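Let's take a friendly walk through this structure, from its strands to its side-chain contacts. Please have the model open as you read.

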Amino acid sequence: MMQFFSWLLPFFLVVGLWADDETLKRAETYMQSNSQSNIFRAYNDYKNLYLQSMVNGDDALKLDALKGIVASGTKLEIDVAKYAAELKTLSAKSSTHYKQPEPKPMKKTKHIEEVQVGTLAKLQTVKWKNNTLLLTFDQPIDANRINYFTLHDKKKKRYLYAFDIKTSMLTSSHNITKKGISKIRIAQFNPETLRFAVENSTSIELSHRVNERTLEITFGTEASRATQKALEATQKSTPLPKTVGGKKIVIDPGHGGTDPGAIGHNGYREKIVVFTISQELIRILKSRGHTVYLTRNDDTFVKLSKRTEFANDKKADIFISIHANAVPNGNAHEVHGIECYFLSPSRSERAKKAAAQENSADMSDMNIYGKDSYLNLLNHHNIVASNKLAIDLQRGMLGALNPKYKDVRDSGVKEGPFWVLVGAQMPSVLVEVGFLSHPKEATRLVDKEYVKTMAKGMADGIERYFVNNQ
């Protein structure tokens, strides 16, 4: 396995250098805009470049990234004091600016030739069935490869609903229209991703499900009925698992101490919210016969590397890091939902943004793991197992919350480069329990009954994972 990664490393380096340079140019372009949303995009790009510089040990890139973080953060009125201090220290050492190195010629080997993407699913037909649009492909599609996200531009009164369908391709054009909807488009986003987008001047309800070769997207009031019907079917077909006691579980409440994490509606702090949820989850899991540990037992800061190191020392069966999300005030009333991430190089912008936010607290550990360790840890077995755990956790939380609470959004299971998961020698997942910036969701996240229901759903998901993977 180590030899395999050593053959692939030159390829990753060349692609990575090009990607960093492109991201830097894009961020600089965003900074020239007067739009707050573009400044925020630049801020996230600079944060991602900062993370990449830590992995690669690239001080020149770090210098450019820090300058961008400070400049964009200041415009957005974000506290960037720690980055400004680091920039001052780094600037004193060197004034070198990041330039793209010339990549060395790469010798092709049979091992690199063997790294291929699976067969792409080709879109065959697009047709309406009442208020449901049916996108049918030439082969079964994986629900976990569909990334659904929404955007809202208040100034332009524009709502965008998008589906990125991985490992799929468009073979012909399709003219899609619907009365009352401004635009419906489908296009090849990149060589391996098909993007289906709905644009409208007012908010609309959408739901989707995968039925073998068909992606079914339901519009309007039928969406709510379809979602409820699917939920009821899931609950009937998948009863709660039998108790599987005796497992060793490490729960990691994110942030802590001097790092408050996200600060949202009414000043709710992420470190407090997730600690309360973690305590309730531990209480339930212990009552079911499991041995459970917390990475922090009070309001103290724990380095990222120490969290997974603790789980490894305990020889835990699984590691779950619990966090809460947030967005700028402009989108606070629009963005909400529960999502689970497993460790992998990020494939979506939303995953990158979430990772940048959660990774920012303690990047001093990156030299410990570094690029080689990171690649070594992304073995196929752990990715697959962590993906399964994330799916069961997401399913458990939604299954518990939806019958009691309206408008609990399923934001899906995604891949993301969360450094708190790097180093875990067991299946590991990061759970984003909701958005503290969303008034309604934030209020729920500090409500005792909501917390108990969510924690019970998490526990059910954990036990379902153990039952299905014995």
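## A covered strand

How many of the residues of strand E12 (residues 318–325) are buried? The count is 8 of 8, so to speak a mostly covered strand, where buried means under 20% relative accessible area, exposed over 50% and partly exposed in between (1.4 Å probe, protein chains only). On one side sit Ile318, Ile320, Ile322 and Ala324, on the other Phe319, Ser321, His323 and Asn325, and both faces are covered. Strands (E, at least two residues) and helices (H or I, at least four) are DSSP runs, numbered from the N terminus.

Before going on, a word on the source: this is a predicted model, in which local features need pLDDT of at least 70 and side-chain atom pairs count only at pLDDT 80 or more, while totals for chains, interfaces and linings use all residues. Residues are numbered from 1 along each chain as its sequence is written, and side-chain values use heavy atoms, with hydrogens and water left out.

## Neighbours of E12

Two strands pair if DSSP finds at least two bridges between them. Strand E10 (residues 248–253) runs parallel to E12 and is joined to it by 5 bridges; here Ile249 has Ile318 as its bridge partner. E12 is also parallel to strand E15 (residues 428–435), with 6 bridges between them, and Phe319 is partnered by Ser428.

## Rings

Rings of Phe, Tyr and Trp (its six-membered ring) pair if their centres lie within 6.5 Å; planes under 30 degrees apart count as stacked, over 60 as edge-to-face and the rest as tilted. The model has 5 aromatic pairs. One of them, Tyr293 with Phe310, is edge-to-face, at 6.2 Å centre to centre and 85 degrees between the planes. Because Tyr293 lies in strand E11 (residues 291–294) and Phe310 in helix H8 (residues 304–313), the pair ties together parts 17 residues apart in sequence.

## Salt bridges

A salt bridge here is a side-chain nitrogen of Lys or Arg within 4 Å of a carboxyl oxygen of Asp or Glu, and the count is 13. Lys271 and Asp299 form one, with their closest N and O atoms 3.0 Å apart. This pair links helix H7 (residues 270–287) to the loop between E11 and H8, 28 residues apart. Lys271 is buried at 5% relative accessibility, whereas Asp299 is partly exposed at 40%.

Arg288 and Glu463 also meet in a salt bridge (3.2 Å, N to O), and both are buried. Arg288, Lys456, Asp460 and Glu463 are linked in a network of salt bridges.
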